[in-house]
Amino acid sequence: MNEVISMSRIPVHTVENAPAASRPLLQRIVQSTPMERPANLHAQMAHSPAVLTAYTSLRAVLAEQSTFIPKAGAALMLAAAGVGNSYMIRIASRLAQMNGWTDDQVTALTTGTSTNDTKIDLLTGLVSEAAANSGNVTDATWDAAKHGGWNDAQLTDAFAYVGATVFTAYYLNYAQTDLDI
């Protein structure tokens, strides 16, 4: 039998043994995923109700308040994840596929190549650049997105995907979360 050696820094919780303030959040996560248990990411975050609340709040606000349709939001998350870590890329790739992006388009969104949708490519290029450069984007990238048809509200909203993705990716790096997705 091959033993899997964990490299995680933070042990995982179950819904039952998580801190009381984290239990309802973990339970909602479990109910919305096909795994019937928290992913390692969520089970580690449960150690800190503040971290788990911040994560779930970011996800909820994107679902409830974003001006983007889910397919576009998934593309933004994947573009931002391309500069993160393998776990985050896997999460974002799965979400992108679930929202209608093809395997070739998922690869393009991850690598910053063309999806054959010029408008989305301009916005995901901006998001990818922002994620890779602490929020900084060149004037040329910004202007290209503006001239490509994205308005100020959408460009502002796109940053929420950068923030949520970077928050998650940084946590995964910080905790050295074992891949379970």
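**Close-up views of a predicted model**

**View A. Arginine 37, with a relative accessibility of 36%, is classed as partly exposed, where partly exposed lies between buried (under 20% relative accessible area) and exposed (over 50%), with a 1.4 Å probe and protein chains only.** The model is predicted, so that local features need pLDDT of at least 70 and side-chain atom pairs pLDDT 80 or more, while totals for chains, interfaces and linings use all residues. Residues are numbered from 1 along each chain as its sequence is written, and side-chain values use heavy atoms, with hydrogens and water left out. The side chain of arginine 37 meets that of aspartate 180 in a salt bridge, at 3.3 Å from N to O; the term stands for a side-chain nitrogen of Lys or Arg within 4 Å of a carboxyl oxygen of Asp or Glu. Aspartate 180 counts as buried, at 19% relative accessibility. The pair joins distant parts of the chain, 143 residues apart, with arginine 37 in the loop between H1 and H2 and aspartate 180 in the segment after helix H9 (152-175); helices here are DSSP runs of H or I with at least four residues, numbered from the N terminus.

**View B. Lysine 146 and aspartate 152 form a salt bridge, in which the closest N and O atoms are 2.5 Å apart.** A search of the whole structure finds two salt bridges. Aspartate 152 is partly exposed, with a relative accessible area of 47%, and lysine 146 is also partly exposed, with a relative accessible area of 33%.

**View C. The largest pocket has a volume of about 1,000 Å³.** A pocket is an open set of points on a 1 Å grid over the protein atoms alone, where a 1.4 Å probe fits, with protein on both sides within 12 Å along at least five of seven lines, and its lining residues have an atom within 4 Å of a point. Of the 32 residues that line the largest pocket, those closest to its centre are Ser32, Thr33, Tyr55, Arg59 and Leu95. Helices H1 (23-31), H2 (40-45), H3 (49-65), H4 (70-81) and H5 (86-98) each give two or more residues to this lining, and H3 gives the most, with seven residues.

**View D. Histidine 13, in the segment before H1, is buried, with a relative accessible area of 15%.** Its side chain is joined to that of asparagine 17 by a polar contact of 2.8 Å. When neighbours within four places in sequence are left aside, histidine 13 is in contact (heavy atoms within 4.5 Å) with Ala18, Pro19, Pro38, Ala43, Ala46 and His47.

**View E. Asparagine 116 has a positive phi, near 75°, although it is a residue other than glycine.** Most residues other than glycine have a negative phi. Asparagine 116 sits in the loop between helix H6 (103-111) and helix H7 (118-132), where it is exposed, with a relative accessible area of 75%. Glycine 112 also has its place in the loop between H6 and H7, and at 65% relative accessibility it counts as exposed.

**View F. Serine 134, which is not a glycine, has a positive phi of about 55°.** Serine 134 is found in the loop between H7 and helix H8 (139-147), and it counts as exposed at 73% relative accessibility.

Methods: Points joined across faces, edges and corners; volume = space filled by probe spheres on them. Polar contact = N/O pair within 3.5 Å; in protein donor to acceptor, adjacent residues only side chain to side chain.
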